[in-house]
Amino acid sequence: MTPGPPATVRLALDWTPNTDHTGFFVAQHEGWYAQAGITMKILPYSNTAPEQLLAAHQAECGISFQDSMTFAVAAGAKITSVMAILQRTASEIAVLADSSIQRPRDLDGKTYAGFGYPNEEPTLKYVIRHDGGTGTFKTVTLDSTAYEALYNKRADFTIPFTAWEGVEAQERGIKLRYFAFTDYGFPDFYQVVLACDSDWLSRDPDAARRFVGATVRGFELAAKDPDAAAQMLIEENPGAFDANPALPKASAESLASGNYYVDSNGKVGTQTLEKWKGYSGFLFEQDLLVDGAGKPLKSPPDYSALFTNDFLPTGP
(Lines give C-alpha, C1' and ligand atoms only; values in the text may rest on other atoms or scores of the structure.)
Protein backbone atom coordinates (compact mmCIF):
# COMPACT_ATOMS: atom_id res chain seq x y z
CA MET A 1 0.00 0.00 0.00
CA THR A 2 1.32 3.44 -0.91
CA PRO A 3 2.02 5.47 2.21
CA GLY A 4 0.25 8.78 2.52
CA PRO A 5 0.67 11.59 5.04
CA PRO A 6 1.56 10.21 8.48
CA ALA A 7 -1.50 9.53 10.61
CA THR A 8 -2.12 8.13 14.08
CA VAL A 9 -5.03 5.78 14.67
CA ARG A 10 -6.10 5.05 18.23
CA LEU A 11 -7.65 1.57 18.44
CA ALA A 12 -9.86 0.89 21.48
CA LEU A 13 -9.90 -2.76 22.54
CA ASP A 14 -13.03 -4.41 23.89
CA TRP A 15 -11.15 -6.80 26.18
CA THR A 16 -7.64 -8.01 26.88
CA PRO A 17 -5.77 -9.08 23.71
CA ASN A 18 -7.14 -12.23 22.12
CA THR A 19 -7.66 -13.82 18.72
CA ASP A 20 -10.44 -11.37 17.79
CA HIS A 21 -7.57 -8.88 17.61
CA THR A 22 -5.00 -11.03 15.83
CA GLY A 23 -5.02 -9.16 12.50
CA PHE A 24 -4.12 -5.85 14.14
CA PHE A 25 -1.12 -7.32 15.91
CA VAL A 26 -0.06 -9.20 12.78
CA ALA A 27 -0.11 -5.97 10.76
CA GLN A 28 1.81 -4.22 13.55
CA HIS A 29 4.35 -7.05 13.79
CA GLU A 30 4.94 -7.16 10.03
CA GLY A 31 5.28 -3.38 9.72
CA TRP A 32 2.28 -3.04 7.43
CA TYR A 33 0.86 -0.06 9.31
CA ALA A 34 4.23 1.66 9.16
CA GLN A 35 4.43 0.96 5.43
CA ALA A 36 1.04 2.64 5.04
CA GLY A 37 2.14 5.70 7.03
CA ILE A 38 -0.03 4.73 9.99
CA THR A 39 0.98 4.77 13.64
CA MET A 40 -1.45 2.55 15.54
CA LYS A 41 -1.88 3.34 19.21
CA ILE A 42 -3.61 0.57 21.18
CA LEU A 43 -5.98 1.79 23.89
CA PRO A 44 -6.19 -1.09 26.38
CA TYR A 45 -9.60 -2.20 27.55
CA SER A 46 -11.06 -0.11 30.36
CA ASN A 47 -14.47 0.35 31.94
CA THR A 48 -15.42 2.62 29.03
CA ALA A 49 -16.83 0.73 26.05
CA PRO A 50 -15.12 1.32 22.69
CA GLU A 51 -18.39 2.69 21.26
CA GLN A 52 -18.41 5.42 23.92
CA LEU A 53 -14.78 6.34 23.19
CA LEU A 54 -15.56 6.59 19.48
CA ALA A 55 -18.64 8.73 20.06
CA ALA A 56 -16.56 11.04 22.26
CA HIS A 57 -13.81 11.23 19.58
CA GLN A 58 -11.31 9.72 22.03
CA ALA A 59 -10.44 6.94 19.57
CA GLU A 60 -10.57 6.72 15.80
CA CYS A 61 -11.52 3.03 15.72
CA GLY A 62 -12.47 0.28 18.13
CA ILE A 63 -13.51 -3.35 18.44
CA SER A 64 -17.28 -3.69 18.46
CA PHE A 65 -20.06 -6.17 17.78
CA GLN A 66 -23.12 -5.98 15.58
CA ASP A 67 -25.45 -5.66 18.57
CA SER A 68 -23.29 -3.13 20.45
CA MET A 69 -22.87 -1.08 17.28
CA THR A 70 -26.62 -1.05 16.68
CA PHE A 71 -27.40 -0.07 20.28
CA ALA A 72 -24.88 2.77 20.15
CA VAL A 73 -26.04 4.19 16.82
CA ALA A 74 -29.69 4.01 17.91
CA ALA A 75 -28.75 6.10 20.95
CA GLY A 76 -27.11 8.72 18.72
CA ALA A 77 -23.47 7.67 18.41
CA LYS A 78 -21.93 8.64 15.08
CA ILE A 79 -19.97 5.47 14.42
CA THR A 80 -19.74 3.12 11.43
CA SER A 81 -18.59 -0.46 10.96
CA VAL A 82 -15.86 -0.51 8.30
CA MET A 83 -15.10 -4.23 8.27
CA ALA A 84 -16.39 -7.50 9.65
CA ILE A 85 -13.69 -9.17 11.72
CA LEU A 86 -15.72 -12.34 12.25
CA GLN A 87 -18.16 -13.05 9.46
CA ARG A 88 -20.57 -15.03 11.62
CA THR A 89 -21.31 -15.71 15.22
CA ALA A 90 -18.86 -17.89 17.11
CA SER A 91 -20.98 -17.90 20.27
CA GLU A 92 -23.39 -20.73 21.04
CA ILE A 93 -25.57 -21.90 23.90
CA ALA A 94 -23.63 -24.41 25.97
CA VAL A 95 -24.57 -27.02 28.57
CA LEU A 96 -22.49 -29.71 30.20
CA ALA A 97 -22.31 -32.74 27.92
CA ASP A 98 -23.33 -35.07 30.76
CA SER A 99 -26.45 -33.06 31.63
CA SER A 100 -29.98 -34.17 30.76
CA ILE A 101 -30.39 -31.17 28.46
CA GLN A 102 -30.41 -32.55 24.94
CA ARG A 103 -31.93 -29.64 22.99
CA PRO A 104 -32.99 -25.99 23.53
CA ARG A 105 -36.53 -26.74 24.66
CA ASP A 106 -35.02 -28.65 27.60
CA LEU A 107 -33.76 -25.29 28.90
CA ASP A 108 -37.25 -24.39 30.14
CA GLY A 109 -37.18 -24.02 33.91
CA LYS A 110 -33.38 -24.08 34.04
CA THR A 111 -30.88 -21.42 35.20
CA TYR A 112 -28.97 -19.27 32.72
CA ALA A 113 -25.63 -17.72 33.73
CA GLY A 114 -25.65 -14.42 31.87
CA PHE A 115 -23.69 -11.27 31.24
CA GLY A 116 -26.24 -8.49 31.66
CA TYR A 117 -26.80 -7.57 28.00
CA PRO A 118 -30.38 -6.66 27.03
CA ASN A 119 -30.48 -8.96 24.00
CA GLU A 120 -29.55 -12.17 25.85
CA GLU A 121 -32.97 -13.22 27.13
CA PRO A 122 -34.90 -12.37 23.92
CA THR A 123 -32.35 -14.34 21.89
CA LEU A 124 -32.57 -17.38 24.17
CA LYS A 125 -36.37 -17.23 24.26
CA TYR A 126 -36.44 -17.14 20.45
CA VAL A 127 -34.28 -20.25 20.17
CA ILE A 128 -36.13 -22.18 22.89
CA ARG A 129 -39.55 -21.34 21.44
CA HIS A 130 -38.43 -22.30 17.94
CA ASP A 131 -37.57 -25.70 19.37
CA GLY A 132 -41.03 -26.07 20.87
CA GLY A 133 -40.37 -24.77 24.38
CA THR A 134 -42.01 -21.90 26.28
CA GLY A 135 -38.85 -19.83 26.80
CA THR A 136 -39.17 -19.63 30.57
CA PHE A 137 -35.94 -19.79 32.56
CA LYS A 138 -34.16 -18.11 35.46
CA THR A 139 -31.29 -15.69 34.78
CA VAL A 140 -28.39 -14.96 37.12
CA THR A 141 -26.02 -12.23 35.90
CA LEU A 142 -22.45 -13.33 36.58
CA ASP A 143 -20.45 -11.79 33.71
CA SER A 144 -17.01 -13.41 33.35
CA THR A 145 -17.71 -15.97 36.10
CA ALA A 146 -20.67 -17.37 34.12
CA TYR A 147 -18.52 -20.10 32.59
CA GLU A 148 -17.26 -21.38 35.92
CA ALA A 149 -20.84 -21.37 37.21
CA LEU A 150 -21.76 -23.77 34.41
CA TYR A 151 -18.69 -25.95 34.96
CA ASN A 152 -19.40 -26.13 38.71
CA LYS A 153 -23.10 -26.90 38.09
CA ARG A 154 -24.30 -23.71 39.76
CA ALA A 155 -26.04 -22.87 36.48
CA ASP A 156 -27.42 -25.01 33.68
CA PHE A 157 -26.41 -23.06 30.59
CA THR A 158 -24.50 -20.05 29.34
CA ILE A 159 -23.23 -18.57 26.06
CA PRO A 160 -19.48 -19.01 25.54
CA PHE A 161 -17.39 -17.84 22.63
CA THR A 162 -16.60 -21.27 21.20
CA ALA A 163 -13.23 -20.23 19.76
CA TRP A 164 -11.93 -19.00 23.13
CA GLU A 165 -13.85 -20.21 26.20
CA GLY A 166 -14.92 -23.28 24.23
CA VAL A 167 -11.31 -24.10 23.35
CA GLU A 168 -10.24 -23.40 26.93
CA ALA A 169 -12.90 -25.76 28.29
CA GLN A 170 -11.72 -28.47 25.91
CA GLU A 171 -8.15 -28.02 27.10
CA ARG A 172 -9.36 -28.44 30.70
CA GLY A 173 -11.19 -31.63 29.82
CA ILE A 174 -14.63 -30.06 30.31
CA LYS A 175 -17.04 -31.54 27.77
CA LEU A 176 -19.82 -29.28 26.52
CA ARG A 177 -22.87 -29.72 24.30
CA TYR A 178 -23.66 -26.76 22.05
CA PHE A 179 -26.80 -25.38 20.42
CA ALA A 180 -26.14 -22.99 17.55
CA PHE A 181 -28.59 -20.07 17.29
CA THR A 182 -28.83 -20.40 13.52
CA ASP A 183 -29.93 -24.04 13.78
CA TYR A 184 -33.19 -22.74 15.23
CA GLY A 185 -34.04 -20.02 12.74
CA PHE A 186 -32.14 -17.19 14.40
CA PRO A 187 -30.43 -14.75 11.99
CA ASP A 188 -26.66 -15.02 11.78
CA PHE A 189 -24.67 -11.88 12.54
CA TYR A 190 -21.24 -10.33 12.54
CA GLN A 191 -19.81 -11.42 15.87
CA VAL A 192 -16.99 -8.86 15.82
CA VAL A 193 -16.59 -5.71 13.70
CA LEU A 194 -14.16 -2.82 13.37
CA ALA A 195 -16.09 0.35 14.17
CA CYS A 196 -14.78 3.85 13.52
CA ASP A 197 -15.70 7.43 14.34
CA SER A 198 -17.86 8.54 11.40
CA ASP A 199 -16.54 12.10 11.65
CA TRP A 200 -12.97 10.81 11.32
CA LEU A 201 -13.93 8.69 8.31
CA SER A 202 -15.31 11.80 6.62
CA ARG A 203 -12.40 13.99 7.67
CA ASP A 204 -9.56 11.65 6.73
CA PRO A 205 -10.82 8.90 4.40
CA ASP A 206 -7.34 8.33 2.98
CA ALA A 207 -5.86 7.45 6.38
CA ALA A 208 -8.90 5.30 7.11
CA ARG A 209 -8.41 3.32 3.89
CA ARG A 210 -4.73 2.80 4.64
CA PHE A 211 -5.48 1.65 8.18
CA VAL A 212 -8.27 -0.72 7.12
CA GLY A 213 -6.18 -2.02 4.20
CA ALA A 214 -3.29 -2.99 6.47
CA THR A 215 -5.73 -4.51 8.97
CA VAL A 216 -7.40 -6.63 6.29
CA ARG A 217 -3.95 -7.85 5.28
CA GLY A 218 -3.32 -8.89 8.89
CA PHE A 219 -6.53 -10.88 9.10
CA GLU A 220 -5.86 -12.47 5.72
CA LEU A 221 -2.67 -13.90 7.17
CA ALA A 222 -4.59 -15.01 10.28
CA ALA A 223 -7.02 -16.88 8.02
CA LYS A 224 -4.28 -18.56 5.98
CA ASP A 225 -1.59 -19.21 8.58
CA PRO A 226 -3.16 -19.24 12.05
CA ASP A 227 -0.08 -20.66 13.80
CA ALA A 228 2.17 -17.86 12.54
CA ALA A 229 -0.47 -15.24 13.27
CA ALA A 230 -0.99 -16.52 16.81
CA GLN A 231 2.75 -16.41 17.43
CA MET A 232 2.79 -12.75 16.35
CA LEU A 233 -0.14 -12.04 18.69
CA ILE A 234 1.84 -13.58 21.54
CA GLU A 235 5.05 -11.71 20.68
CA GLU A 236 3.26 -8.36 20.45
CA ASN A 237 1.71 -8.89 23.90
CA PRO A 238 4.52 -10.18 26.13
CA GLY A 239 3.23 -11.81 29.29
CA ALA A 240 -0.42 -11.65 28.28
CA PHE A 241 -0.72 -15.37 27.58
CA ASP A 242 1.76 -16.80 30.09
CA ALA A 243 -1.04 -18.51 32.03
CA ASN A 244 -2.05 -20.53 28.96
CA PRO A 245 0.38 -20.14 26.05
CA ALA A 246 -1.34 -22.88 24.03
CA LEU A 247 -4.74 -21.13 24.02
CA PRO A 248 -4.01 -18.42 21.39
CA LYS A 249 -2.80 -20.98 18.85
CA ALA A 250 -5.68 -23.37 19.46
CA SER A 251 -8.15 -20.50 19.22
CA ALA A 252 -6.51 -19.16 16.05
CA GLU A 253 -6.72 -22.58 14.43
CA SER A 254 -10.39 -22.86 15.40
CA LEU A 255 -11.26 -19.50 13.84
CA ALA A 256 -9.26 -20.19 10.67
CA SER A 257 -10.51 -23.75 10.12
CA GLY A 258 -14.08 -22.59 10.77
CA ASN A 259 -13.73 -19.85 8.14
CA TYR A 260 -14.85 -17.19 10.62
CA TYR A 261 -12.51 -14.56 9.18
CA VAL A 262 -13.69 -14.93 5.58
CA ASP A 263 -16.99 -14.66 3.71
CA SER A 264 -18.38 -17.27 1.32
CA ASN A 265 -16.03 -15.93 -1.38
CA GLY A 266 -12.96 -16.18 0.83
CA LYS A 267 -12.80 -12.41 1.36
CA VAL A 268 -11.89 -10.71 4.62
CA GLY A 269 -13.87 -7.76 5.96
CA THR A 270 -16.92 -7.64 3.69
CA GLN A 271 -20.38 -6.85 5.06
CA THR A 272 -23.88 -7.16 3.62
CA LEU A 273 -27.10 -5.26 4.20
CA GLU A 274 -28.97 -8.55 4.52
CA LYS A 275 -26.99 -9.60 7.59
CA TRP A 276 -27.21 -6.16 9.20
CA LYS A 277 -30.98 -6.04 8.63
CA GLY A 278 -31.46 -9.57 9.95
CA TYR A 279 -30.00 -9.34 13.43
CA SER A 280 -30.26 -5.57 13.97
CA GLY A 281 -33.86 -5.86 12.77
CA PHE A 282 -34.47 -8.48 15.46
CA LEU A 283 -33.16 -6.03 18.08
CA PHE A 284 -35.60 -3.38 16.81
CA GLU A 285 -38.55 -5.81 16.72
CA GLN A 286 -37.81 -6.72 20.36
CA ASP A 287 -37.97 -3.02 21.38
CA LEU A 288 -34.35 -3.20 22.50
CA LEU A 289 -33.19 -0.18 20.49
CA VAL A 290 -33.56 3.08 22.41
CA ASP A 291 -32.70 6.66 21.54
CA GLY A 292 -30.47 9.02 23.48
CA ALA A 293 -33.30 9.67 25.94
CA GLY A 294 -33.75 5.97 26.60
CA LYS A 295 -37.04 5.71 24.70
CA PRO A 296 -37.66 2.80 22.29
CA LEU A 297 -37.26 3.71 18.64
CA LYS A 298 -40.60 4.13 16.88
CA SER A 299 -39.20 3.31 13.46
CA PRO A 300 -36.31 1.05 12.44
CA PRO A 301 -32.85 2.57 12.01
CA ASP A 302 -31.29 2.97 8.60
CA TYR A 303 -29.49 -0.37 8.52
CA SER A 304 -27.44 0.65 5.49
CA ALA A 305 -25.92 3.51 7.53
CA LEU A 306 -24.56 1.10 10.17
CA PHE A 307 -21.78 -0.18 7.92
CA THR A 308 -19.74 0.51 4.80
CA ASN A 309 -17.43 -1.50 2.56
CA ASP A 310 -15.93 1.68 1.08
CA PHE A 311 -12.71 1.47 3.06
CA LEU A 312 -11.85 -2.12 2.18
CA PRO A 313 -9.04 -2.76 -0.32
CA THR A 314 -10.27 -2.84 -3.91
CA GLY A 315 -7.48 -4.99 -5.36
CA PRO A 316 -7.66 -8.74 -6.04
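This is a predicted model: local features need pLDDT of at least 70, side-chain atom pairs count only at pLDDT 80 or more; totals for chains, interfaces and linings use all residues.

Me: Why are α1 and α10 called roughly perpendicular?

Reply: Helix α1 (residues 22–29) and helix α10 (residues 226–236) pack at an angle of about 75 degrees. Angles of 65 to 115 degrees count as roughly perpendicular. The two helices are therefore roughly perpendicular to each other. Their axes are 8 Å apart.

Me: Which residues make that contact?

Reply: From α1 come Thr22, Phe25, Val26, Gln28 and His29. From α10 come Ala229, Met232, Leu233, Glu235 and Glu236. By type, they divide into five nonpolar, three polar and two charged.

Me: What makes Asn237 buried?

Reply: Its relative accessible area is 12%. Buried means under 20%, so Asn237 qualifies. Asn237 sits in the loop between α10 and α11 (247–257). Beyond four places in sequence, Asn237 is in contact with Pro17 and Phe25. Phe25 also belongs to the α1 side of the helix contact.

Me: What lies 2.9 Å from a polar atom of the Asn237 side chain?

Reply: The backbone oxygen of Leu233 does. Leu233 is also one of the α10 residues in contact with α1.

Me: How do you know whether Asp14 is buried or exposed?

Reply: Asp14 has a relative accessible area of 12%. The cut-off for buried is under 20%, so Asp14 is buried. Asp14 lies in the loop between β1 (7–12) and α1. Setting aside residues up to four places away, Asp14 touches His21, Tyr45, Pro50, Ile63 and Phe65.

Me: What makes the link between the side chains of Asp14 and His21 a polar contact?

Reply: The distance is 2.7 Å. A polar contact needs N or O atoms within 3.5 Å, one able to donate a hydrogen and the other to accept it. The Asp14 and His21 pair is therefore listed as a polar contact.

Me: Why do β2 and β4 count as edges of the sheet?

Reply: The open sheet has five strands in the order β2-β1-β3-β9-β4, with mixed pairing. β2 (38–43) and β4 (79–86) each have a single partner strand, so one side of each is left without a neighbour in the sheet.

Me: How do you know that β1 and β2 pair?

Reply: Six bridges join β1 to β2, which run parallel. Pairing takes at least two bridges, so β1 and β2 pair. Ala12 stands opposite Leu43 in β2.

How values were computed. Residues are numbered from 1 along each chain as its sequence is written. Side-chain values use heavy atoms; hydrogens and water are left out. Axes are lines fitted to C-alpha atoms, for helices over the stretch in contact, and angles run from 0 to 180 degrees between N-to-C directions. Helices (H or I, at least four residues) and strands (E, at least two) are DSSP runs, numbered from the N terminus. Angles under 35 degrees count as roughly parallel, over 145 as roughly antiparallel, 65 to 115 as roughly perpendicular and the rest as oblique. Contact means heavy atoms within 4.5 Å. Ala, Val, Leu, Ile, Met, Phe, Trp, Tyr, Cys and Pro count as nonpolar, Asp, Glu, Lys and Arg as charged, and the others, Gly among them, as polar. Buried means under 20% relative accessible area, exposed over 50%, partly exposed in between (1.4 Å probe, protein chains only).
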